[in-house]
Amino acid sequence: MAGTGAGRPSVYPTLLYADAKAAIRQLTEGLGFTELSVYEAEDGRVMHAELVQGNGAVMVGSKGRGGLFDTAMKDAGPAGVYVVVDDVDAHHQRALEHGVEILMPPTDQDYGSRDYMARDTGGNIWSFGTYAPEVGA
């Protein structure tokens, strides 16, 4: 399997939204992602966006923009994404302050992690916690 250079992640969840601009606002303002890039079509639809959190990233786009990926994702359901954060309680508080739907408040897990769970504007489930699996070099 090919590696990545300069510490780049090798897995990028890719999510499509009916209103990608609203999703980007919620992910950046409410859930602490940083906007790396956003490419829009002339009509304002988001063709591709990259948002980062720590050393991970997610790709976001608008539903109905055309192309093979959009067609393949047409009937796909919401996804679940897990994101490692240092301070679960502070992250959760930020989400609450921005009106993010919380499904589970910060909870200590039997396996040693502290997690909370939220739903975004597209119905995707986001879990934020302290568990970070070790991945071989």
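The model is predicted, with local features requiring pLDDT of at least 70 and side-chain atom pairs pLDDT 80 or more, while totals for chains, interfaces and linings use all residues. Residues are numbered from 1 along each chain as its sequence is written, and side-chain values use heavy atoms, without hydrogens and water.

## Aromatic pairs

The structure contains four aromatic pairs, a pair being rings of Phe, Tyr or Trp (its six-membered ring) with centres within 6.5 Å; planes under 30 degrees apart are stacked, over 60 edge-to-face and the rest tilted. Phenylalanine 33 and tryptophan 126 form an edge-to-face pair, because their ring centres are 5.3 Å apart and their planes stand at 70 degrees. Phenylalanine 33 sits in the loop between helix H1 (20–30) and strand E2 (34–40), and tryptophan 126 in strand E8 (residues 125–129), so this pair ties together parts 93 residues apart in sequence. Helices (H or I, at least four residues) and strands (E, at least two) are DSSP runs numbered from the N terminus. Phenylalanine 33 and tryptophan 126 are both buried.

The rings of tyrosine 116 and phenylalanine 128 also have centres 5.3 Å apart, but their planes are at 20 degrees, so this pair is stacked. With tyrosine 116 in strand E7 and phenylalanine 128 in strand E8, the pair therefore ties together parts twelve residues apart in sequence. Ring pairs join Phe33, Tyr116, Trp126 and Phe128 into a cluster.

## Core and helix H1

The largest nonpolar core has 23 residues, of which Tyr17, Leu27, Leu31, Phe33, Val60, Trp126 and Phe128 touch the most other members. At least two core residues come from each of several elements, including H1, strand E5 (80–84), helix H3 (88–97), E7 and E8. H1 gives the largest share, four residues. Such a core is a set of buried Ala, Val, Leu, Ile, Met, Phe, Trp, Tyr and Cys residues joined through side-chain atoms within 4.5 Å.

H1 is mostly covered, with eight of its eleven residues buried; among them are Ala20, Ile24, Leu27 and Gly30. Glycine 32 follows H1 and has a positive phi, near 80 degrees.

Aspartate 115 belongs to strand E7 (residues 114–119). This aspartate is buried without a salt bridge, and arginine 114, the nearest side chain of opposite charge, is 8.6 Å away. A salt bridge needs a side-chain nitrogen of Lys or Arg within 4 Å of a carboxyl oxygen of Asp or Glu; for charge, Lys and Arg count as positive, Asp and Glu as negative, and His and the chain ends are not counted.

Tyrosine 82 lies in strand E5 and is partly exposed, with a relative accessible area of 34%. Its C-alpha atom is 5.9 Å from that of tryptophan 126, 44 residues apart along the chain.

| Group | Partner | Distance |
|---|---|---|
| Asp115 side chain | Tyr111 side chain | 2.8 Å |
| Asp115 side chain | Ser113 side chain | 2.6 Å |
| Tyr82 side chain | Asp115 side chain | 3.2 Å |

How values were computed: Buried means under 20% relative accessible area, exposed over 50%, partly exposed in between (1.4 Å probe, protein chains only). A polar contact is a pair of N or O atoms within 3.5 Å; within protein, one must be able to donate a hydrogen and the other to accept it, and residues adjacent in sequence count only if both atoms are side-chain atoms.
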